[in-house]
Amino acid sequence: NAFLAEGHKLIVDALDNGWDVRQLIVSKNAAQETPVEKLISRCVASGIDILLVSNRILTSLTRRDNPQMVCAVVGRQFGADDDILAHSEGTWVALDRVRDPGNLGTIVRTADALGARGVIFIGDTTDPFATEAVRATMGSIFAVPLYAMSEEAFCALASRFSGKVVGTHLAGSVDFRVPAYEDGPTILLMGNEQAGLTENLVQACDHLVRIPQAGSADSLNLAIATAICLFHARAHALPAESTGEA
């Protein structure tokens, strides 16, 4: 019930957001470097176990030829379903059976950047705490609440949800820009990369929308499609001038 977070930034993000950092693993060659030394001191003060290892062991742990000089064992963390029902505004992203950990991690990062309230994983989704997924979040996994539930549990939640559930679907008759996302809370529901949404999830939606396309491609990458829809859904809440970096 734990996972590996790699790199100084991710570990600091985990600590800053109150996650359960259980062990800090540090390269012996980097232990005296100022940022790493400060991180070690912080972890020692919090009672976190410190393990000094060789680069060969870090390479084995991370499965990278050029591993980060620090990594940490962190406890997994999911939010309670009722937290979603407690809010009268905001946007959640729900993902149906996502297969690609890179897509999943990129979506969590995008959700963080656009101020989504959380990401919901439905059914047999790839592990959000898998190494590749965590890497793709660039630390956002520690800032965005994560929820996991079965398809049946999501449909039950959707029936009690005070806002709208907007699902993307190839048969959607409404442009994704049409729903009034600013009018109350919204769950943006995205389908599996190959099969899209199940019929039960389609029935749970208040709106089925599509992204219009002009070229010959029959679909978009899931992470790209989610970013396009979520940016529009959150446009009313974003600052007029962004200072973020690409």
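Are W19 and F142 buried or exposed? In this predicted model, local features require pLDDT of at least 70 and side-chain atom pairs count only at pLDDT 80 or more, whereas totals for chains, interfaces and linings use all residues. Residues are numbered from 1 along each chain as its sequence is written, and side-chain values use heavy atoms, with hydrogens and water left out.

Both W19 and F142 are buried (under 20% relative accessible area, with exposed over 50% and partly exposed in between; 1.4 Å probe, protein chains only). Seven aromatic pairs were found in a search of the whole structure; rings of Phe, Tyr and Trp (its six-membered ring) pair if their centres lie within 6.5 Å, and planes under 30 degrees apart count as stacked, over 60 as edge-to-face and the rest as tilted. The ring centres of W19 and F142 are 5.1 Å apart and the planes stand at 80°, so this pair is edge-to-face. One aromatic cluster is formed by F3, W19, F78, F129 and F142.

The axes of α1 and helix α2 (residues 34-45) come within 11 Å and cross at roughly 30°. Helices are DSSP runs (H or I, at least four residues), numbered from the N terminus; axes are lines fitted to C-alpha atoms, for helices over the stretch in contact, and angles run from 0 to 180 degrees between N-to-C directions. The two helices, α1 and α2, are therefore roughly parallel to each other (angles under 35 degrees). H8, I11, V12, L15 and D16 of α1 make the contact with P35, V36, L39, R42 and C43 of α2, contact meaning heavy atoms within 4.5 Å.

Terms used
Angles under 35 degrees count as roughly parallel, over 145 as roughly antiparallel, 65 to 115 as roughly perpendicular and the rest as oblique.
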